[in-house]
Amino acid sequence: MNPAPGSFLWLVAHDMRLNWRRFVDMMGGASIRNLGVLLACGVVVLHLVAWPAVLLVKPHVQGGDASLMPLAITMLCIFTWMIAQGLFATTRTLFDRGDLDLLLGAPLPAARILAAKATAIAASTLGSIALLVLPLANMSAILGEPVWLAAYPVLISLALLATALGLGISIGLFFLVGPRRARTFTQMTGALIAGGFVLGAQAVAVLPESMRAGITRALEHTVAGSGLSEIAFLPVHALQ
């Protein structure tokens, strides 16, 4: 059953159709059949790659002796990437598509329109990282650890929060630098956030193992001595 025109679900579906058309354009205008085959093959390959990755990562994030810092850093990187993706999606929604004025001029509640836009942004933000993370959760469940399926609600929660922060940053820049420059500054902020963590991850990867272990111990000691470890690591404990 199709949602009623003008309803919340109808508006969300409208934005998701626009996202899908943008994805099809990025793929060179391939047919639905070819895209379906490509996506199916990609999902299978990602799950096959996730199989040995789960066996490699599992001892470091699960068990009584496992350190919380690797899992915390992973969640922070995922969350930061989602914020950047949310900023890019917000820029497309507010500045590029040009349908917001038409929708806000329609006899529909503005809150419903903006809520639908935010939901579509959260969905696109979730999709950008879910293809890489959820195969790990699925393979862990197949290998006898269904508790890893908690990654699903965790990613959804992070996507919603990242979308809220992205919208907040965009609105703040709108009032801070003005509407003419808000688009450029929003894109620059998203690029800086995403690029900063990508470069940071690359920098950490080239460090010697002893230095990486020392940095991890130092971070754990700092967080433990701050008195905020229980609050700061609550999402990490929940995921673990």
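This note concerns helix α5 and its packing against helices α1 and α6 in a predicted model.

1. Extent of α5. Helix α5 covers residues 110-142. With 33 residues at 1.5 Å a residue, α5 should span 48 Å, and the distance of 44 Å between its end C-alpha atoms agrees with this.

2. At Ala 130, α5 bends by about 55°. Just after the helix, Gly 144 adopts a positive phi of about 100°.

3. Geometry of α1 against α5. Helix α1, residues 8-26, packs on α5 at an angle of about 45°, and the two axes lie 8 Å apart. Angles under 35 degrees would count as roughly parallel, and those from 65 to 115 as roughly perpendicular; α1 and α5 are therefore oblique to each other. The crossing of α1 past α5 is right-handed.

4. Residues joining α1 and α5. On the α1 side, the contact involves Phe 8, Leu 11, Val 12, Asp 15, Met 16 and Asn 19. The α5 side contributes Arg 112, Ile 113, Ala 115, Ala 116, Lys 117, Thr 119, Ala 120, Ala 123 and Ser 124. By class, this contact comprises nine nonpolar, three polar and three charged residues.

5. Geometry of α5 against α6. Helix α6, residues 151-177, packs with α5 at an angle of about 145°, with 9 Å between the axes. Here too the crossing is right-handed.

6. Residues joining α5 and α6. From α5, the residues that meet α6 are Ala 118, Ile 121, Ala 122, Thr 125, Leu 126, Ile 129, Ala 130, Val 133, Leu 134, Ala 137 and Asn 138.

Terms used. Residues numbered from 1 in each chain as written. Predicted model: local features only at pLDDT ≥ 70, side-chain atom pairs only at ≥ 80, totals over all residues. Heavy atoms only, no water. Axes fitted to C-alpha atoms, helices over the stretch in contact; angles between N-to-C directions. Helix = DSSP H or I, 4+ residues; strand = E, 2+ residues; numbered from the N terminus. Parallel < 35°, antiparallel > 145°, perpendicular 65-115°, else oblique. Left-handed = near helix turned anticlockwise from the far one by under 90°. Contact = heavy atoms within 4.5 Å. Nonpolar A, V, L, I, M, F, W, Y, C, P; charged D, E, K, R; others polar. Expected span 1.5 Å × (residues − 1). Bend = angle between axes of the 7 residues up to and from the residue.
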